[in-house]
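Hello,

Here is the structure I promised to hand over. My notes follow below it.

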Amino acid sequence: MPVVKVSDMAFVRMNAPDLGKAEQFLLDFGMSTVERTPKALYMRGTDPDPFIEVVHLGEARVLSSAWYVDHVDDLKRVSQVPGATGIENLDEPGGGKRVQLTDPLGYKVEFICDRTPAKAMPTEPAQLNLAWEPLVRKTLQRFDRRPSRVKRIAHFVVSTPEVKKTLAWYREMLGLVRSEDIYEDDPENLIGSFNRVDQGEDYVDHHAFFCRYAPNQGMNHVSFEVQDIDDVMLGHDHLKSQGYRPMWGVGRHFLGSQVFDYWCDPWGRVHEHWTDSDRLNIQGGLGLLSKKQAFKSQWGPAGPKEFHDWATP
Ligand SMILES: [Fe+2]
């Protein structure tokens with residue numbers, strides 16, 4: 001039995017030495033500013049989560065991933081784990097309660113509940129005249145040149161030489177379940193594992209946590225859902241026009257099947273846009289694929305070598 005079953009990601013927490021630069025990147029990436037103090041920057045998407053990325057002033061590094069639990073009783077269970085903090089009130093936008101653990105890489109993992117949601121931001125569902133439905137839109141399509149509109153935070157990916165140990169920890173503490181595993185040469189030689197949250201019969205994203213082998217440990221990327229495929233492409237053009245470093249995209253993944261696009265923030269932390277994920281409930285998953293099968297794109301470019309070993313502290 002896992003300690004708890006988290007229901008979704010809540011936010012990612014990082015340090016950066018220049019909050020102005022951090023804010024500009026995240027605005028260009030498609031988030032909106034909630035609050036900026038001399039020491040911290042809070043950014044949100046269009047969903048009601050009070051914030052989905054927080055950047056503190058400090059030497060560039062990733063601090064934690066944060067995950068929702070349903071009830072304060074879940075926090076009580078986490079607080080019994082050796083090394084856990086007690087239950088504390090979160091003095092940040094949306095408030096809430098928190099318990100923290102430290103994962104095998106040394107990152108904090110924050111378990112959160114009772115946040116006060118913000119108001120969802122308005123979005124315009126795309127109207128597309130597709131082959132099988134040619135008259136959905138009877139007006140002219142005119143997109144403004146603009147950043148993507150990030151909807152929500154979706155998954156967190158770590159690189160580590162210790163895949164099995166890290167995976168076991170996340171499954172036990174967060175109640176994550178295997179969606180698809182990846183091996184190299186021998187099926188026993190696990191080099192990566194896509195895991196999703198366990199919400200029983202309810203369908204969830206194909207993965208909320210991906211643990212992959214790399215010689216160095218660190219965050220491989222953090223990922224955010226955007227509105228639709230036009231939104232991915234508009235964001236791609238915008239980030240390119242602002243001179244940011246592209247990492248990989250645009251393409252459609254094989255595992256999870258999202259249309260993806262990866263960009264580095266000014267300190268090399270990879271942020272992903274995606275849309276149109278596979279969704280699974282507790283009945284799905286349990287795939288086992290070779291590295292060659294797993295890391296191909298359904299369309300678009302193959303992943304660059306540097307991305308597969310990417311690990312920012
Ligand atoms: Fe991803």
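**What I found**

S64 is in contact (heavy atoms within 4.5 Å) with V12, R13, K108 and E110, leaving aside its neighbours within four places in sequence. This is a predicted model: local features need pLDDT of at least 70, side-chain atom pairs count only at pLDDT 80 or more, and totals for chains, interfaces and linings use all residues. Residues are numbered from 1 along each chain as its sequence is written, and side-chain values use heavy atoms, with hydrogens and water left out.

S64 sits in strand β5, residues 61-68. Strands are DSSP runs of E, at least two residues, numbered from the N terminus. S64 counts as buried because its relative accessibility is 0%. Buried means under 20% relative accessible area, with a 1.4 Å probe and protein chains only.

Next, the iron ion. Its protein donors are H155 (NE2), H221 (NE2) and E272 (OE), at 2.0 to 2.2 Å. Donors are N, O and S atoms within 2.8 Å of the metal (3.2 Å for Na, K and Ca); water is not among the atoms, so sites may look incomplete. H221 in strand β14 (residues 218-226) and E272 in strand β17 (residues 270-275) are 51 residues apart, linking distant parts of the chain. Both H221 and E272 are buried.

Best wishes

Note on methods:
Helix = DSSP H or I, 4+ residues; strand = E, 2+ residues; numbered from the N terminus. Buried < 20%, exposed > 50% of the residue type's maximum accessible area, 1.4 Å probe, protein only.
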